[in-house]
Amino acid sequence: MRRRRLNEDDLALWRRVTERTEKLELNKLFTQEIDAPAPAPPQVRRAKIALQGNKPQSTMKKRSNDLRPTLSEQMKAAPVQMDHKAFGKLKRGKLRPEGRIDLHGMTLDRAHPALNGFIMDAHARGKRLVLVITGKGKRRDDGGPIPVRDGVLRHQVPQWLSMPPLNGLVLQIAQAHVSHGGGGAYYVYLRRNR
């Protein structure tokens with residue numbers, strides 16, 4: 001690979017740059033650093049650890065730039081709309097779903113209309129508890145600067161169920177019991193058909 005020779009314009013620009021710069025004398029630079037007072041060491045912030053039993057717990061404040069709560073945390077924090085006794089049975093897997101739809105493996109544009117049709121049909125038939133299987137999703141986060149959530153359908157289905165036209169039909173959404181799919185499925189408790 002041949003280097004390009006500088007033309008007169010480039011050489012004139014270089015001369016102007018070198019005329020405005022000052023020569024750096026290394027001897028003066030090092031002697032000034034030795035005579036100057038040493039800078040204060042940086043302050044290190046440490047988390048206070050409170051021992052409770054054998055488990056250390058951090059008392060640092062939660063950072064404001066943390067990600068949203070996980071899906072399971074959001075489900076647990078949601079208020080119970082249905083009968084508490086029935087909800088307890090539901091969470092323990094004691095109630096048997098009257099219908100199920102398996103969305104996992106579908107794309108978003110195929111899964112959304114399929115879910116809408118299934119929920120509307122189940123409500124019209126008077127079913128109260130249905131199971132929506134989304135799958136847990138593939139692990140696609142490669143550790144980059146922007147986190148990627150696992151399971152697109154798993155995160156999208158609760159949002160679809162809380163939007164029209166389904167929000168008027170759905171009374172409660174809960175993560176399924178392990179016997180019915182656990183984190184890869186949802187119980188959808190429907191309102192009574194009136």
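**Chat on pockets, cores and a few buried residues**

Colleague: What volume does the second largest pocket have?

Modeller: The second largest pocket comes to about 240 Å³. Its lining has 15 residues, and Met106, Gly137, Gly151, Val152 and Leu153 are the closest to its centre. On a 1 Å grid over the protein atoms alone, a pocket is an open set of points where a 1.4 Å probe fits, with protein on both sides within 12 Å along at least five of seven lines, and lining residues have an atom within 4 Å of a point. Grid points are joined across faces, edges and corners, and the volume is the space filled by probe spheres set on the points.

Colleague: What kind of model is this, and how are residues numbered?

Modeller: It is a predicted model, in which local features need pLDDT of at least 70 and side-chain atom pairs count only at pLDDT 80 or more, while totals for chains, interfaces and linings use all residues. Residues are numbered from 1 along each chain as its sequence is written, and side-chain values use heavy atoms, with hydrogens and water left out.

Colleague: How much space lies in the largest pocket?

Modeller: About 360 Å³. It is lined by 19 residues, with Met75, Ala78, Pro158, Ser162 and Ile173 the closest to its centre. Two or more lining residues come from each of α3 (71-77), α6 (152-161) and β5 (170-175). By class the lining of the largest pocket splits into 9 nonpolar, 7 polar and 3 charged residues.

Colleague: Different topic. How many helices and strands are there?

Modeller: There are 6 helices and 6 strands, and from the N terminus the order is α-α-β-β-α-α-β-α-β-α-β-β. Of the 194 residues, 27% count as buried, meaning under 20% relative accessible area with a 1.4 Å probe and protein chains only.

Colleague: Which residues touch the most other members of the largest nonpolar core?

Modeller: Leu103, Leu115, Ile119, Val157, Leu161 and Val188, out of 22 residues in that core. Two or more core residues come from each of α3, α5, β4, α6, β5 and β6 (185-190), and α5 gives the most, with 5 residues. A second, separate core has 13 residues, including Ala86, Leu131, Leu171 and Ala185. A nonpolar core is a set of buried Ala, Val, Leu, Ile, Met, Phe, Trp, Tyr and Cys residues joined through side-chain atoms within 4.5 Å.

Colleague: What is Leu103 in contact with, leaving aside neighbours within four places in sequence?

Modeller: Ala111, Ala114, Leu115, Val132, Ile133, Leu153 and Val157. Contact means heavy atoms within 4.5 Å.

Colleague: Ile133 is on that list. Is Ile133 buried or exposed?

Modeller: Buried, with a relative accessible area of 18%. Ile133 sits in strand β4 (residues 129-133). Not counting residues up to four places away in sequence, Ile133 touches Arg100, Ile101, Asp102, Leu103, His104, Gly184 and Ala185. Its C-alpha atom is 9.3 Å from that of Gly183, 50 residues apart along the chain.

Colleague: Now helix α4. Which residues of α4 are buried?

Modeller: In α4 (residues 84-91), Ala86, Phe87, Gly88 and Leu90 are buried, and they pack against β4, β5 and β6. Just after α4, Gly93 takes a positive phi of about 80°.

Colleague: What relative accessible area does Leu90 have?

Modeller: Leu90 has 1%. Leaving aside neighbours within four places in sequence, Leu90 contacts Met82, Leu95, Leu129, Ala174 and Tyr187.

Colleague: Last one: where is the place of His123?

Modeller: His123 is in helix α5 (residues 108-124) and is buried, at 12% relative accessible area. Beyond residues up to four places away in sequence, His123 touches Leu169, Leu190, Arg191, Arg192 and Asn193.

Key:
Helices (H or I, at least four residues) and strands (E, at least two) are DSSP runs, numbered from the N terminus. Ala, Val, Leu, Ile, Met, Phe, Trp, Tyr, Cys and Pro count as nonpolar, Asp, Glu, Lys and Arg as charged, and the others, Gly among them, as polar. Buried means under 20% relative accessible area, exposed over 50%, partly exposed in between (1.4 Å probe, protein chains only).
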